[in-house]
Amino acid sequence: MRSHSTYKQLQVGARRGSIGINGIPQLWNVGLALLLLLLLFLPLLLWLLPDGSRGGRGEAGACGASCSIVLVESIPEGMSFGSGSIPTPSTFSAWMQLLLSVRHSIDIASFYWTMTNTDTGTAEASAAQGERILQELLRLPQRGINVRVAVNRPSASAPIGDLVELERSGAAVRTVDLPRLTGGVLHTKFWLVDGTHLYLGSANMDWRSLTQVKELGAAVYNCTCMAQDLGKIFEAYWALGVPGATIPVPWPANYSTAFNAETPLELQLNGTAAAVYFSSSPPALCADGRTTDLSALLSVIDAAEAFVDVAVMSFLPTTEFSHPQRFWPVIDNALRRAVVERRVRVRLLLGCWRHSQTTMFPFLKSLAAVADNRTHYSVAVRLFMVPTSAAQARIPYARVNHNKYMVTETTAYIGTSNWSGDYFTQTAGSALVVNQTVNATGTGTGTVREQLEAVFERDWSSQYSADIGEPERWQSRCGSR
């Protein structure tokens, strides 16, 4: 308002013919003042211009038309979906592309690090990809690349060899004591490169996440506005990684965002219009404007009118790590409400391995039982089982579908959290939400939402999934025995 008033006063003064020493109108002085004022308030004027005529507020003008997004997967060795399925780029190839493109900086938010197979005490050949990634990272500081790693505080028994090597190479490593700060862990998994490219998904910094565990994520290239917004979440972790750190209340303004479920970032992804934002958990780590991960997840479910397809390693309407466990039906209720009130089709594809929580299966059977021939409620639950040889069975914490995503007729949600209470109330996680209500035309690949839907359909109908109502197919393989 002050700038508008000052500008108006100058206009009035000019019309009245401001008189100088000799009674000559001082038009030069007025013009100079107007020019200086224009230069001073140019950023504000550009900000206030209508959409499409400026490069602010994160619309397409801020990122340009070059933003691209690619779904990337890790398919465990020994798995094949047949010649009819369309392959997606591997997590390894996406990480290597990011490493080869870095020019200035790389930031990695991570749960833990085991990129070599020293933790297994074996000479497992499939660890080669993880070891290659680690070696590339160790070379970066020698090239003047700024490497920062935010990692959950390792437990006493956790391997820390990779972190020690990273520090020796010149990388900056901060351990975030989330157990002390929130009672959870830093479970996030994302990369940021040069403030321009990023990866976010289910893959940990673990060699198994490249060759022995089924993972899914998204790599985004040439998209400064998205990378810089995700960077604010990384900076929050980084700030909490100093000794004795406390969670600010509220967070300083530089951690805040304008992009959320209500006002997403509007831009072109692969040449197709999209509205995107990043969510975060737990609420205590969300600065002003940031949608919490639980709110993002629920908003995607609540907006669905046709279908909700979910692929996640574990789904429990309880807390998972608190003692005693608490009933926490927030997501379960949202799914049931979508089925009953809006007749939405819901399908859940869960991971099945020896570490599956045995308490999960009664709840899954209960949800599947909502389907009824008379009411025509549409709910289905299946378990995905990664095939395992005798040798592969000896690899600890491997051979599981570790995906954490959801897709509806309008939206792709790609996250880093399992679906139980602790992950949203105490544990640090993040998600990318992409709304695309139009189909891609002429690209030959479809939008990222369409691609994610195709991945789900491939897995759902594959020989590796079994209906929850067929315990003879899965019961001997799921959960501790």
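The largest pocket in this predicted model holds about 1,100 Å³ of space. (A pocket is an open set of 1 Å grid points, over protein atoms alone, where a 1.4 Å probe fits, with protein on both sides within 12 Å along at least five of seven lines; lining residues have an atom within 4 Å of a point.) Its lining counts 43 residues, and F111, Y112, H187, N204 and Y397 sit nearest the centre. By type, the lining splits into 17 nonpolar, 18 polar and 8 charged residues.

Now for the salt bridges, meaning a Lys or Arg side-chain nitrogen within 4 Å of an Asp or Glu carboxyl oxygen. The whole structure has 21 of them, including these:

| Pair | Closest N to O distance |
|---|---|
| K214 and D459 | 2.6 Å |
| R336 and D332 | 2.5 Å |

D459 belongs to helix α15 and K214 to the loop between α8 and β9, so their bridge ties together parts 245 residues apart in sequence. Both D459 and K214 come out at 0% relative accessibility, which is buried (under 20%; exposed is over 50%, partly exposed in between, with a 1.4 Å probe and protein chains only). R208 and D206 are buried too.

R336 and D332 are 4 residues apart in helix α11, about one helical turn. R336 is partly exposed at 22%, whereas D332 is buried at 6%. Elsewhere, bridges with shared partners link E73, K214, R458 and D459 into one network.

A bit of housekeeping: residues are numbered from 1 along each chain as its sequence is written, and side-chain values use heavy atoms, without hydrogens or water. Local features need pLDDT of at least 70 and side-chain atom pairs 80 or more, while totals for chains, interfaces and linings use all residues.

Note on methods: Grid points are joined across faces, edges and corners, and a volume is the space filled by probe spheres set on the points. Ala, Val, Leu, Ile, Met, Phe, Trp, Tyr, Cys and Pro count as nonpolar, Asp, Glu, Lys and Arg as charged, and the others, Gly among them, as polar. Helices (H or I, at least four residues) and strands (E, at least two) are DSSP runs, numbered from the N terminus.
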